[in-house]
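Biologist: I have the model open and want to go through a few side-chain details with you. Can we start with the rings?

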Amino acid sequence: MSIWRTKSIEASMADSLEKGHNLKRTLGTWDLMVMGVAVAVGAGIFSVGAKAAGSYAGPSVTLAFLLAALTCALAIMCYAEFASAVPVAGSAYTFTYATLGELLAWIIGWDLILEMLTAAAVIAKYWGIYLSSVFDLLHWNVPATINILGLDVSWGAFVIVAIFTTLLVLGTKLSARVASVFTILKVAIVLFVIVAGAFFINPANYSPFIPAAIPTAGGDGDVWMQSLFSFMTGAQPAQYGLFGLLAGASLVFFAFIGFDVVATSAEEVKNPQKTLPRGIFAGLAIVTVLYLGVSLVLTGMVPYTVLAQDPNASLATAFVAVGAGWAAEVISVGILIGLTTVIMVLLLGLSRVLFAMSRDGLLPRGLSVTSAKRGTPARVQIIAGTAVALIAGLTNVGVLEEMINIGTLSAFVLVSIAVVVLRKKRPDLKRAFKVPLSPYLPILSAVLCFWLMLNLTTLTWVRFAVWLAIGLAVYFAYGRRHSVVGLEAKRVFDETVRTEAAREERSLRD
């Protein structure tokens, strides 16, 4: 059977009502807005901007954040149109299955697993590290790792993942309420840091706003760490200037991942046609304002060259440089609270993608069974939580950070293309939200996202290719043969063949 077979919108909607494999609709606009802010406002707001300013863009890191936000907004509009028309679990995977075919749907689902699994593991690991930092502020000597059977185990990662896995099994609405409390606290801390930092701004630090480009050191070792665009064109790697600004935008895009995760909860949203677009866009607006505020304060407090000297530069670096070391303590607490909700939303998104793929038979169907009482996919949630805890607690996840970006961006590219395809294939479909100026804005979204992908390192692309190869092996070994859509098509085909054979046999007898 064809690997380009699609799953109809009607079939996806019918699956969302299948008893024992369906989710409860309990979330409202506030819950989705909080979810978007919860997953986007984490450690990145305190650290990614400083790294991008010091190593790539200088004061123009604010423009880098704005470019990343606009790119994200274009992609999110495409998500919002799809989610309002097809309000079922799976996000980009489900949308791609309805338009571009099963193989591409599998690839994008596999990419989403990469994005959410690595992101949840990386952030859970850092949560444990920052928990130890908070203990240090309280003068409690609690190590970040403990030795078990010769292995250094990040116990904090296990604890936080276990807590939120349990909450998500108990119910999505309960988890959303817990996330609301933590999100309000961390937004308050971010606003406090912005206001406090504004008193230390020196306008001279904003000049030059876009520093002149300077070449980076050469050498064979740089081949893997330069952007794929530089590698393909033979351009010498450079810092700052226009290309530094664009590279900074690729880096800070990490701070906007998560809004696609919100779309994975579409099947659990009340009145999704209206609620989903409102919740997603409100969350993105809040996050963008916070990021722009932090980046302006950061580069106004100290020259970008100060940030460039520290390989681990963060917002705390700027406060220490101006003699306000107390802020480092506030920032440590803010990061810990910020990371907490990020982990929860990523665990939710990971389980929902796995749930959707297993309900379609591309992964074992037993994973998509939901609790009759709570309406949550407990099996797949526990499996996802266990995988995240093991990776975060037992491995060095730092090398996986850029994999999060490439997984997200690849999903954005395909969803942007899929919107145009669905407009052509199903103009009759009711859409509560439509991307304006289609097909131009969706195409622009796809181009911008692909451009940001090209600015990721060559090594990241190699790792991405290996991940895709593993995914294709799994699909052809299992998913293609167990696909519900494929099995149904085979049943119809076999029935048609039998009917034709019976008709021919009757004709011969007559």
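Biologist: Which residues do ring pairs link into a cluster?
Modeller: This is a predicted model, and in it ring pairs join Trp106, Trp110, Trp467, Tyr475 and Phe476 into a cluster.

Biologist: And how many aromatic pairs does the count come to?
Modeller: The count is 16 aromatic pairs. One of them is tyrosine 79 with phenylalanine 95: the ring centres are 6.1 Å apart and the planes are at 70°, so the pair is edge-to-face, the angle being over 60 degrees.

Biologist: Which parts does that pair tie together?
Modeller: Tyrosine 79 is in helix α4 (residues 61–85) and phenylalanine 95 is in helix α5 (residues 92–99), so the pair ties together parts 16 residues apart in sequence. Both tyrosine 79 and phenylalanine 95 are buried.

Biologist: What about tyrosine 79 and phenylalanine 412, how do those rings sit?
Modeller: They form an edge-to-face aromatic pair, with 5.5 Å centre to centre and 70° between the planes. Phenylalanine 412 belongs to helix α17 (residues 401–425) and tyrosine 79 to helix α4, so here the parts tied together are 333 residues apart in sequence.

Biologist: Why does tyrosine 79 count as buried?
Modeller: Because its relative accessible area is 0%, and the cut-off for buried is under 20%. Phenylalanine 412 is buried too, with a relative accessible area of 0%.

Biologist: Back to α5. How many of its residues are buried?
Modeller: In α5, 8 of its 8 residues are buried, so the helix is mostly covered. They are Ala92, Tyr93, Thr94, Phe95, Thr96, Tyr97, Ala98 and Thr99.

Biologist: Which glycine with positive phi follows α5?
Modeller: Glycine 101, with a phi near 105°.

Biologist: Which residues line the largest cavity?
Modeller: The lining is Lys7, Ser12, Asp15, Val88, Ala89, Tyr93, Thr94, Ala356, Arg359 and Asp360. The elements that give two or more residues to this lining are α1 (9–15), α5 and α15.

Biologist: How does the lining of the largest cavity divide into nonpolar, polar and charged?
Modeller: Its residues are 4 nonpolar, 2 polar and 4 charged. Tyr93 and Thr94 are part of the lining, and both are also among the buried residues of α5.

Biologist: Now cysteines. How many disulfides does the count come to?
Modeller: The count is 0 disulfides. Cysteine 78 is in none, and the nearest cysteine sulfur to it, that of cysteine 449, is 8.5 Å away. The cut-off for the sulfur atoms is within 2.5 Å.

Biologist: Are cysteine 78 and cysteine 449 buried or exposed?
Modeller: Cysteine 78 is buried, with a relative accessible area of 0%. Cysteine 449 counts as buried as well, at 0% relative accessibility.

Biologist: One last item, glycine 323. Where is it found?
Modeller: Glycine 323 is in the loop between α14 (315–321) and α15 (326–359). Its relative accessibility is 64%, so glycine 323 counts as exposed.

Biologist: How many Å separate the C-alpha atoms of glycine 323 and alanine 247?
Modeller: The separation is 31 Å, and the two residues are 76 residues apart along the chain.

How values were computed. Residues numbered from 1 in each chain as written. Predicted model: local features only at pLDDT ≥ 70, side-chain atom pairs only at ≥ 80, totals over all residues. Heavy atoms only, no water. Phe/Tyr/Trp six-rings, centres within 6.5 Å; stacked < 30°, edge-to-face > 60°. Helix = DSSP H or I, 4+ residues; strand = E, 2+ residues; numbered from the N terminus. Buried < 20%, exposed > 50% of the residue type's maximum accessible area, 1.4 Å probe, protein only. 1 Å grid on protein atoms, 1.4 Å probe; cavity = no way out; pocket = protein on both sides within 12 Å on 5 of 7 lines; lining within 4 Å. Nonpolar A, V, L, I, M, F, W, Y, C, P; charged D, E, K, R; others polar.
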